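Dear colleague,

Please find the structure below for your records. My findings follow it.

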Amino acid sequence: MQAQILAPAAVLVAWTLVMLFWMAGTRLPAIKKASGGGLGQAKPGGRGQDLEGVVPDRVNWKAHNHTHLHEQPTIFYAAVLIIALMGADAMDVALAWIYVALRIVHSIWQATVNKVSVRFLIFLASTIVMVALAIRALMLTLFADPTSFA
């Protein structure tokens, strides 16, 4: 089960890169249009958040989601690694896939429609799954039989 529990994490890593390229593919042309010269016209030390109100909101939504993929999913990666090391079962794998599917749906929703009430429900659902994975990681470690590792 170790490889099976790691597969959803690998997919989420790949999805994060998809969002990075989607963000760049929409943001860079918008920056060029807004500034008349692209990144060469950016102020020294400028950051992505400096583009709020400069490029269209719909363009920034992809960047917002890319940032989100570097927040809660970081604890997903830790939980998955803990579960993989301790011994995943079929339920752990299913929960990991559900979490990843919800995060991908959340990304697509935020990057395209971005109605916050719906986005929040998708986030809440993924958080509930994350809590279940965290509890499972806790149970596997706190109640592990130390003699089984000898």
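In what follows, a residue is called buried when its relative accessible area is under 20%. The model is a predicted one.

By that criterion, the buried residues of helix 2 are Val 59, Asn 60, Trp 61, Lys 62, Ala 63, Asn 65 and His 66. Helix 1 (2-35) and helix 4 (90-112) are included in what covers them. Helix 2 comprises twelve residues (57-68), which should span 16 Å at 1.5 Å a residue; the end C-alpha atoms lie 16 Å apart, so the two values agree.

As to the chain as a whole, its secondary structure consists of five helices and zero strands, in the order α-α-α-α-α along the sequence. Of its 150 residues, 33% are buried. Where contacts join residues at least 6 apart in sequence, 81% of them connect residues at least 24 apart. The accessible surface amounts to about 8500 Å², with 72% belonging to carbon and sulfur atoms.

I also examined the aromatic rings, for which the count is two pairs. In one of them, Phe 76 and Tyr 99, the ring centres are 4.6 Å apart and the planes meet at 20°; because planes under 30 degrees apart count as stacked, this pair is stacked. The pair links distant parts of the chain, with Phe 76 in helix 3 (residues 73-86) and Tyr 99 in helix 4, 23 residues apart. Both Phe 76 and Tyr 99 are buried. Together with Tyr 77, Phe 76 and Tyr 99 form one aromatic cluster.

With kind regards

Notes:
Residues are numbered from 1 along each chain as its sequence is written. This is a predicted model: local features need pLDDT of at least 70, side-chain atom pairs count only at pLDDT 80 or more; totals for chains, interfaces and linings use all residues. Side-chain values use heavy atoms; hydrogens and water are left out. Helices (H or I, at least four residues) and strands (E, at least two) are DSSP runs, numbered from the N terminus. Buried means under 20% relative accessible area, exposed over 50%, partly exposed in between (1.4 Å probe, protein chains only). Contact means heavy atoms within 4.5 Å. Accessible areas come from the Shrake-Rupley method with a 1.4 Å probe; for residues, only the protein chains shown count as cover. The expected span of a helix is 1.5 Å times one less than its number of residues. Rings of Phe, Tyr and Trp (its six-membered ring) pair if their centres lie within 6.5 Å; planes under 30 degrees apart count as stacked, over 60 as edge-to-face and the rest as tilted.
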